[in-house]
Amino acid sequence: MDRDTWHAAAHEVNLAFVEAADCVSEPVNREPPSREAQILTLKNTSEFDVLVIGGGATGSGCALDAVTRGLKTALVERDDFSSGTSSRSTKLIHGGVRYLQKAIMKLDIEQYRMVKEALHERANLLEIAPHLSAPLPIMLPVYKWWQLPYYWVGIKLYDLVAGSNCLKSSYVLSKSRALEHFPMLQKDKLVGAIVYYDGQHNDARMNLAIALTAARYGAATANYMEVMSLLKKTDPQTGKERVSGARCKDVLTGEEFDVRAKCVINATGPFTDTVRKMDDKDTTAICQPSAGVHIVMPGYYSPESMGLLDPATSDGRVIFFLPWQKMTIAGTTDTPTDVTHHPIPSEEDINFILNEVRNYLSCDVEVRRGDVLAAWSGIRPLVTDPKSADTKSISRNHVVDISESGLITIAGGKWTTYRSMAEDTINAAVKAHNLKAGPSRTVGLFLQGGKDWSPTLYIRLVQDYGLESEVAQHLAATYGDKAFEVAKMASVTGKRWPIVGVRLVSEFPYIEAEVKYGIKEYACTAVDMISRRTRLAFLNVQAAEEALPRIVELMGRELNWDDSKKEEELETARKFLYYEMGYKSRSEQLTDRSEISLLPSDIDRYKKRFHKFDADQKGFITIVDVQRVLESINVQMDENTLHEILNEVDLNKNGQVELNEFLQLMSAIQKGRVSGSRLAILMKTAEENLDRRVPIPVDRSCGGL
């Protein structure tokens, strides 16, 4: 069931929502105030009711819950909204099939309640942000007959626990029907499959929508605002010190000032203990961080609207294999890690995921290391409950802890339950600090862009503004009813069609107007733009790098950056792509130390191809050589593009591609370590078409040779 079918039928589904949202007044601001205005509010407000530290899903949810109860609310984030774990998830909104299995097998009522709560929150999130989320069918392939009834009962119980919040009933598929829905599936010994439904979303954009909605309702929200220390004052009644705010630093300007609040909430995910130790340096750590790596592969690895669940990998983990943003996402791993602001995906974890994917896909599908277009690591903040008798046991649910000085910490939990976690946190804050507020009002409360969104909204964008259909669908699915504001900013293309909407990079529907609009959404850096306002970095690191110069140019124009600042932004963003988004491990698949493992016949074949370009037998080719061959078959290509193409294979960076480098490239392609080499495709096509004069495609490809 696709997004449009789901939302068109939404009125027929009983989602059992509490009508609390009807009690919430309209937002104070039609648009979120500028970052500068928000900082002025933070500086000039004598005392807030609530100060939330952390702009991830949970922190933003706390700010929204608090401000819609009428509390004077502030939210500060050291980096960008959703810059940490909240943007690096599996992109699922789910109850947790495996948690239900454990609940039943171990008769664990806590796990059962956690699943039931998550299923309610899943339904709510699909309702309040329909543009950013949709149900997704997920296939569980079965390879042993006895597993079919076992899994079927488990999945049916999942539907049963969801009750009126069930998205759509699960069903069983025969082997032939399973292969119709998922033709890439390994068919040997396949018995059949079970399909169930969970939700999927654009996690960073969802997080941003929560923060922007809080800002529109009056919360003073600021990214790049680091907490340097906690403020304390003595309670005149008890004589004890109480947390009374925080010393904050604007990371962009270096300015420091105090933000005072009756209640301070620590919602910093993996950095939970850092803030707790600001309160009490001797407090026991409760966070046990775990790294989860995901990879992104071309869309042809999975059907457009069917995911896959591997319930038992070789080491007992669970792997999801899902379509997302017209690509395929696979993950996750689960390994202990240190807390860091810049987690890096390891080659070991990337290869583990690839090997598991190979086990489930047909042998006709060659799963290549070179097809990993992006990879990232997210730190999951597993926690122990400091109030529990067993302080070493990981809490399955979220934990709300109140220190002696009144600092409230919310930790653990999962993306799907961010709203209920926020509700529990604000309930605790109201009680502990005697704040005057009513019950939570966030169930059913539309997030920014969701209220007037409809499945056909993109058609109006095409008709009214002359946008490409793909671009219009993307804008509608990213900004909801705010898509019209982005369309109004779109530049004229100068073409017959589309009339407006200049793309940032050819194969993705992101347009230049989104950069200008992203600044209104508090984007301050190029990294914010490529990773969280757009999702280019998460979809294809090479495409993100290609788009960077234009993004920096557009941001520089809007934010008055000088040449030095532009260069700094470019360098920082490239480092981010290189280390945190898998570019480093991708580039290491082909280096000047790569082995040449080719058959003698292959070496002869590739030498002949190389010498078609190296007519002078120099032992290397340059831009001039490539231009000469292209001109002979009447193909024109600008020099900058040719330079980029050769630079991808110029391993020793001497401005030319030597025969040995070309053979290293072809060897890496044969082994599947490299794919989509434009030089390899260009040279192969030129060789085949020198006499036929057929144009050569040079767009970045996902295929190999």
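How many disulfides does the structure hold? The count is 0. Keep in mind that this is a predicted model.

Take C62. C62 is in no disulfide. Its nearest cysteine sulfur belongs to C263, and that sulfur is 9.5 Å away.

Next, strand 14. It covers residues 327-331. Of its 5 residues, 5 are buried. As a general point, side chains in a regular strand alternate between the two faces of the sheet. Here, M327, I329 and G331 point one way. T328 and A330 point the other way.

Which strands pair with strand 14? One is strand 11, residues 287-297, antiparallel over 4 bridges. There, I295 stands opposite A330. Another is strand 13, residues 319-324, also antiparallel, with 5 bridges. In that pairing, F320 has G331 as its bridge partner. Strands 13 and 14 form a hairpin with 2 residues between them. Look at Q325 in this hairpin: its phi is positive, near 50°.

M105, W146 and Y150 make a nonpolar patch of about 380 Å². Where is W146? It sits in the loop between strand 4 (133-142) and helix 6 (147-162). Is W146 buried or exposed? W146 is exposed, because its relative accessible area of 54% is over the 50% cut-off.

Definitions and conventions:
Residues are numbered from 1 along each chain as its sequence is written. This is a predicted model: local features need pLDDT of at least 70, side-chain atom pairs count only at pLDDT 80 or more; totals for chains, interfaces and linings use all residues. Side-chain values use heavy atoms; hydrogens and water are left out. Patches are made of residues with over 30% relative accessible area and no salt bridge: like charges are joined within 9 Å, nonpolar side chains (Val, Leu, Ile, Met, Phe, Trp, Tyr) within 5 Å. Accessible areas come from the Shrake-Rupley method with a 1.4 Å probe; for residues, only the protein chains shown count as cover. A salt bridge is a side-chain nitrogen of Lys or Arg within 4 Å of a carboxyl oxygen of Asp or Glu. Buried means under 20% relative accessible area, exposed over 50%, partly exposed in between (1.4 Å probe, protein chains only). A disulfide is a pair of cysteine sulfur atoms within 2.5 Å. Two strands pair if DSSP finds at least two bridges between them.
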